[in-house]
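My notebook is open, and I have a few things to look up. Come and read along with me.

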Amino acid sequence: MIKRIAYLALTGWFGLAGVLNVGLVFHTRALEERVNQPIHFSHDVHVNKVGLQCAHCHQTADKSPQAGVPPLSVCMECHKNVKKDSPEVKKLTEHWENQEPVEWSKIHRVPWHVRFDHKRHVQAGVDCTVCHGEVKAMSQVRQMRSLEMGWCVRCHEQNNAPTDCLACHK
């Protein structure tokens with residue numbers, strides 16, 4: 001009975017918020033909006049010219065809910081010796097030497113009440129481009145998909161993935 005009341009309260013909140021058109025729009029970035037990052041990083045160069053795979057840098061994507069930002073040690077594997085005089089690599093090296101993380105701005109966002117698990121999607125064979133677009137061709141990453149509920153549900157339906165509320169909602 002308590003579970004049913006909690007479920008009704010939760011669905012009532014989302015229903016009311018939808019009717020009033022408040023509280024359900026959590027994306028603060030417009031599609032394809034460019035976000036200034038503290039260090040310019042080109043996926044195009046690192047993927048297409050150097051040949052790195054997504055998992056080389058995003059090492060936790062197949063192991064945890066978050067794909068994660070690469071640790072500076074991954075960047076410094078090469079940049080201890082490569083392009084050391086580049087202004088952007090100098091910024092990176094300064095962070096490394098001062099043992100300070102780079103404060104990257106998050107690009108791909110889902111609402112607070114959504115539980116997205118990279119691990120489950122990667123292990124199911126979902127290619128990164130499905131949600132993130134052709135990042136390997138971007139000199140600056142931007143959100144290419146809405147990542148809104150309808151978009152996700154359609155993908156789940158097309159791929160026989162779970163569509164019950166608790167599959168994605170906390």
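I start with a definition: buried means under 20% relative accessible area, exposed over 50%, and partly exposed in between (1.4 Å probe, protein chains only). By that scale Pro71 is partly exposed, at 37% relative accessibility.

A note on what I am reading: this is a predicted model, where local features need pLDDT of at least 70, side-chain atom pairs count only at pLDDT 80 or more, and totals for chains, interfaces and linings use all residues. Residues are numbered from 1 along each chain as its sequence is written, and side-chain values use heavy atoms, with hydrogens and water left out.

**Entry: Pro71 and helix α4.** I found Pro71 in the loop between α3 and α4. Helices here are DSSP runs (H or I, at least four residues), numbered from the N terminus. I also checked Pro71 against Trp96: they sit 25 residues apart along the chain, and their C-alpha atoms are 9.7 Å apart. Next I looked at α4, residues 72-79, where Leu72, Val74, Met76 and His79 are buried. What do the buried residues of α4 pack against? I see α2 (43-49), α3 (54-57) and α5.

**Entry: His95.** I located His95 in helix α5, residues 87-97. His95 is buried, with a relative accessible area of 19%. Leaving aside neighbours within four places in sequence, I listed its contacts (heavy atoms within 4.5 Å): His95 touches Ile39, Leu72, Glu100, Pro101 and Val102.

**Entry: salt bridges.** I looked for a side-chain nitrogen of Lys or Arg within 4 Å of a carboxyl oxygen of Asp or Glu, which is what a salt bridge means here. How many salt bridges does the whole structure hold? The search finds two.
- Asp62 pairs with Lys63, with the closest N and O atoms 3.0 Å apart. Asp62 is partly exposed at 33%, while Lys63 is exposed at 55%.
- Glu88 pairs with Lys91 at 3.2 Å, N to O. The two are three residues apart in helix α5, so about one helical turn separates them. Glu88 is partly exposed at 23%, and Lys91 is partly exposed at 34%.

**Entry: cysteines.** A disulfide is a covalent bond between the sulfur atoms of two cysteines. I searched with a cut-off of 2.5 Å between the sulfur atoms, and the whole structure gave zero disulfides. For Cys128, the nearest cysteine sulfur belongs to Cys54, 3.9 Å away.
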